[in-house]
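This report looks at aromatic rings, at how they pair, and at the charged groups placed over them. A pair of aromatic rings is described by the distance of the centres and the angle of the planes.

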Amino acid sequence: MTYSSQTSLKNSVMEYVFVIVGAAIIAFGFNVFLFPNQVASGGVSGISTILHGMFGWNAGIVQYAFNIPLFIAGVLVLGKKFGIKSFIGTITLPFFVILTESWDPWTLNPLLGAIFGGIVVGLGIGLVFKGNASTGGTDLLAQIITKYTGLTLGTSVLLIDGLIAVSAAIVFDLEKGLYALIGLYVTTKTIDIVQLGFSQSKMVYIITQKETDVRDAIYKEINRGITRLPAFGGYTGEERPVLMVVVYQTEFTRLKQVLKTVDPQAFVIVSDAYEVLGEGFKKV
């Protein structure tokens with residue numbers, strides 16, 4: 001077996017591990033934080049919480065009842081792009097929900113349940129996404145709605161999750177609907193962190209009249225490479241090259257000091273760089 005094929009096999013196995021472990025984490029967060037506090041923070045899990053409150057139906061069975069038909073509909077309407085990993089995510093999540101349904105809740109405070117449930121569920125969903133899969137459910141429904149209505153995917157997801165939050169407010173009470181929105185927000189932010197990581201680097205764009213001095217000072221004081229981007233002033237039309245440099249957050253203060261010393265009039269734009277690959281940072 002060649003090195004490339006070994007690497008490909010290893011990556012494929014890790015993706016399946018991400019999907020299964022992610023599904024288990026979602027089920028854990030659902031059963032110990034969200035479900036016992038009636039926090040219906042979107043998705044099929046939120047629907048199952050509402051239906052349990054209305055009719056006493058088992059949450060895991062409800063999730064199977066929604067997930068499998070939605071997955072089949074997704075394949076029929078959107079094509080076979082979901083693959084075996086998404087199918088595994090679709091069937092293992094309700095399985096783990098049923099497996100852990102007897103676990104005692106970690107809190108019966110709805111606010112804590114919404115916050116920590118959102119964090120744990122977001123972590124699990126982020127891992128599933130890292131495995132290039134999904135857990136089915138309302139994500140597939142949102143894609144189907146997008147195809148037939150022309151709405152953006154984000155709008156479709158927002159409509160579905162918003163409707164679930166409103167339903168929670170009607171079935172339970174207004175506070176539970178608000179807790180659902182908190183849980184949904186925390187879940188979304190946690191997914192972003194799992195996907196992108198915490199920002200440890202800064203990407204800095206520098207427009208300066210002292211290009212050579214600034215470049216040399218950054219090389220000497222911080223030992224970071226610089227990319228020179230061609231640019232032109234919008235009003236004058238004159239060439240105004242832009243220097244781009246990426247530094248660790250711990251190096252950013254030094255960079256500001258260098259710029260203040262060399263060219264206090266420099267125009268500087270700073271943004272977060274969530275992942276930087278290459279020499280001096282992470283390996284590709």
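## A cluster of rings

In this predicted model, ring pairs join Phe 28, Phe 33, Trp 103, Trp 106 and Phe 116 into a cluster. The structure as a whole holds nine aromatic pairs.

Among these is the edge-to-face pair of Phe 33 and Trp 106, with 5.8 Å from centre to centre and 70° between the planes. Because Phe 33 belongs to helix H1 (residues 3-34), while Trp 106 is part of the loop between helix H4 (83-99) and helix H5 (110-130), the pair ties together parts that lie 73 residues apart in sequence.

Another of the nine aromatic pairs is formed by Phe 30 and Phe 35, whose rings are tilted, with an angle of 35° between the planes and a centre-to-centre distance of 5.3 Å. Phe 30 has a relative accessibility of 2%, and therefore counts as buried, since the limit for that class is under 20% relative accessible area.

## Charged groups over rings

Lysine side chains are placed over rings as well: the charged end of Lys 85 sits over the ring of Tyr 16, at 5.7 Å from its centre, and Lys 176 lies over the face of Phe 172, 6.0 Å from the ring centre.

Technical notes: Residues are numbered from 1 along each chain as its sequence is written. This is a predicted model: local features need pLDDT of at least 70, side-chain atom pairs count only at pLDDT 80 or more; totals for chains, interfaces and linings use all residues. Side-chain values use heavy atoms; hydrogens and water are left out. Rings of Phe, Tyr and Trp (its six-membered ring) pair if their centres lie within 6.5 Å; planes under 30 degrees apart count as stacked, over 60 as edge-to-face and the rest as tilted. Buried means under 20% relative accessible area, exposed over 50%, partly exposed in between (1.4 Å probe, protein chains only). Helices (H or I, at least four residues) and strands (E, at least two) are DSSP runs, numbered from the N terminus. A charge sits over a ring if NZ of Lys or CZ of Arg is within 6 Å of the ring centre and within 35 degrees of the ring normal.
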